[in-house]
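This report describes one protein chain for a reader who is new to structures. Please look at the sequence and the model before reading on.

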Amino acid sequence: RRSGSGRGSAMAQPEEPQPPIVPSCPLPAKICDVVRTERPRSCCGMAMAGLRTAKYQLPEWHRRNAGVYYKAFTVGEEAERGRAEAKNLVKQAAASAQRAQQYSKNTLGQRLQDIQFWRSELQKEIMELDAETNLLAAQKLRLERALDATEVPYAVVIDNLECRDRRQPPDLVIDQVERQLLKEAELIRDIRDLLKRTIIQATTQIRSNRIQKENCELDWSDKVETYHIDDKCISYCPDSTNIQSHPSSVKFEETASTPKSWAQFSHDNISSAEQEKLASVQLRALINSIIHDASEDLRLQRAAVSEAFDCHLRELAEAKLRLEQHLQQILKDIGEEEANIANLKKAIRDKEAYLKVAQTRLYDRSFRPNVELCRDEPQFRLVSEVEELTVFLEALKRKLMESEQNLKNLEETRMKLEKEIAVKANSIFIDRQKCMGYRLRYPVDLEVASYK
């Protein structure tokens with residue numbers, strides 16, 4: 001039984017796993033044949049018959065030795081082949097690890113270049129957007145100053161209209177000056193509304209610029225942090241003291257981006273920043289145009305109002321001068337008419353004296369006695385004289401009444417002329433002193449005022 005178990009163990013050797021790199025070649029099996037002896041057994045065999053089971057036969061002993069030799073040889077061969085394979089595997093693993101680490105280092109270096117590129121682009125865009133926002137804020141401040149500067153012109157125009165409402169009724173007309181003042185007030189209101197809307201638009205654009213700048217800053221900050229992380233990663237080597245085993249780090253995050261989406265994200269941020277910057281530049285140009293056009297419109301309207309005032313003042317001065325000339329003539333006519341009335345009254349008194357003389361003569365001759373009461377030539381002459389004087393007296397009295405009425409008319413005309421002259425003087429005072437004097441506070445230029 002023991003020899004059988006030994007033979008079985010020698011024949012059934014366990015198979016070693018073969019490395020996949022170097023194929024193994026099976027060795028030729030060695031068969032050891034032991035020739036049995038044909039000699040007759042000695043008599044001593046009978047004496048040792050009781051110990052037969054504890055001993056091997058010589059062939060078995062040779063076969064067992066051969067198995068031990070073969071086992072040692074195969075195990076040595078397997079060990080030698082394993083050492084060669086292990087050596088090759090170590091070399092290959094070292095080379096592969098070195099190649100993989102160098103490739104990873106190169107990809108990290110390329111990634112650092114990509115991060116640095118986008119970081120520089122983002123930093124450039126942030127600086128440009130910040131500078132553009134500051135320029136737009138300065139333009140917004142100009143708009144606010146221009147809006148404040150329109151308060152004085154508007155107050156001046158309203159005050160001019162209110163002052164001109166205090167003109168006396170004969171001159172309280174809707175003239176060219178009032179039309180130009182109303183046009184100027186409407187123009188200032190439109191400019192103020194436009195400036196307010198533009199200020200709101202500028203405020204909205206500044207807010208959009210700052211939001212986009214904040215987005216770019218967040219992206220830039222992430223890339224700075226990522227750059228430091230990858231730069232630290234590229235400095236790692238097998239001899240580093242701060243490396244550790246992190247088996248779970250090989251898993252990809254579900255929310256991780258792809259290189260395309262990563263680059264597209266920064267590209268979209270820069271593109272949005274460029275759009276906001278372009279909109280800001282266009283808005284600044286629009287603000288310059290609005291302030292310039294508004295200043296020019298106000299300047300032209302102010303010139304139109306001043307021209308209307310000058311023209312109206314010339315008309316008022318001419319009308320006042322003509323009224324004064326007419327007043328001088330009326331005063332002269334009044335004097336002459338008063339002298340004429342005095343002459344007429346004197347003439348009437350004189351004629352009444354003559355009439356009294358003639359009537360007295362007739363009265364006294366009516367007392368002539370008897371036949372002396374004769375219708376003689378003197379009588380007829382006296383009667384004719386009385387009639388003639390009566391006619392003249394009536395004519396003089398009518399003329400006196402006419403002259404007195406003419407004098408009354410001249411006096412009324414004088415009062416009207418004096419009132420008209422006073423009205424014209426009041427209108428001139430309002431337009432020249434109140435209106436044009438107050439318009440001296442009018443800003444010289446709205447565009448210049450926006451820089452103050």
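## Basis of the report

The model is predicted: local features need pLDDT of at least 70, side-chain atom pairs count only at pLDDT 80 or more, and totals for chains, interfaces and linings use all residues. Residues are numbered from 1 along each chain as its sequence is written, and side-chain values use heavy atoms, with hydrogens and water left out.

## The chain as a whole

The chain has eight helices and zero strands. Helices (H or I, at least four residues) and strands (E, at least two) are DSSP runs, numbered from the N terminus. Along the sequence the pattern is α-α-α-α-α-α-α-α.

Of the 452 residues, 28% count as buried. Buried means under 20% relative accessible area, exposed over 50%, and partly exposed in between (1.4 Å probe, protein chains only). The chain exposes about 31,100 Å², and carbon and sulfur atoms supply 56% of this area. Such areas come from the Shrake-Rupley method with a 1.4 Å probe; for residues, only the protein chains shown count as cover.

Contact means heavy atoms within 4.5 Å. Among contacts in the chain with a separation of 6 or more, 91% come from residues 24 or more positions apart.

Glu125 belongs to helix α3 (residues 58-149). With 4% relative accessibility, Glu125 counts as buried. Leaving out residues up to four places away in sequence, Glu125 touches Ile270, Ala273, Glu274 and Lys277. Lys320 is found in helix α6. Lys320 and Lys424 are 104 residues apart in sequence, yet their C-alpha atoms are 5.9 Å apart in space. Apart from neighbours within four places in sequence, Lys320 is in contact with Ile421, Lys424, Ala425 and Ile428.

Helix α7 has 62 residues. From first C-alpha to last, α7 reaches 87 Å, close to the 92 Å expected at 1.5 Å a residue. The expected span is 1.5 Å times one less than the number of residues in the helix.

Asn370 lies in the loop between α6 (259-365) and α7 (377-438). Although Asn370 is not a glycine, its phi is positive, at about 45°. Asn370 counts as exposed because its relative accessibility is 74%.

## Aromatic rings and charges

Rings of Phe, Tyr and Trp (its six-membered ring) pair if their centres lie within 6.5 Å; planes under 30 degrees apart count as stacked, over 60 as edge-to-face and the rest as tilted. By this rule there are two aromatic pairs. The rings of Phe117 and Trp118 have centres 5.2 Å apart and planes at 70°, so this pair is edge-to-face. Phe117 is partly exposed at 45% relative accessibility, whereas Trp118 is buried at 15%. Tyr363 and Phe367 also form an edge-to-face pair, 4.9 Å centre to centre with 80° between the planes. Tyr363 is exposed at 52%, and Phe367 is exposed at 55%.

A charge sits over a ring if NZ of Lys or CZ of Arg is within 6 Å of the ring centre and within 35 degrees of the ring normal. Arg111 lies over the face of Trp262, 3.7 Å from the ring centre. The charged end of Arg119 sits over the ring of Tyr227, 4.5 Å from its centre.
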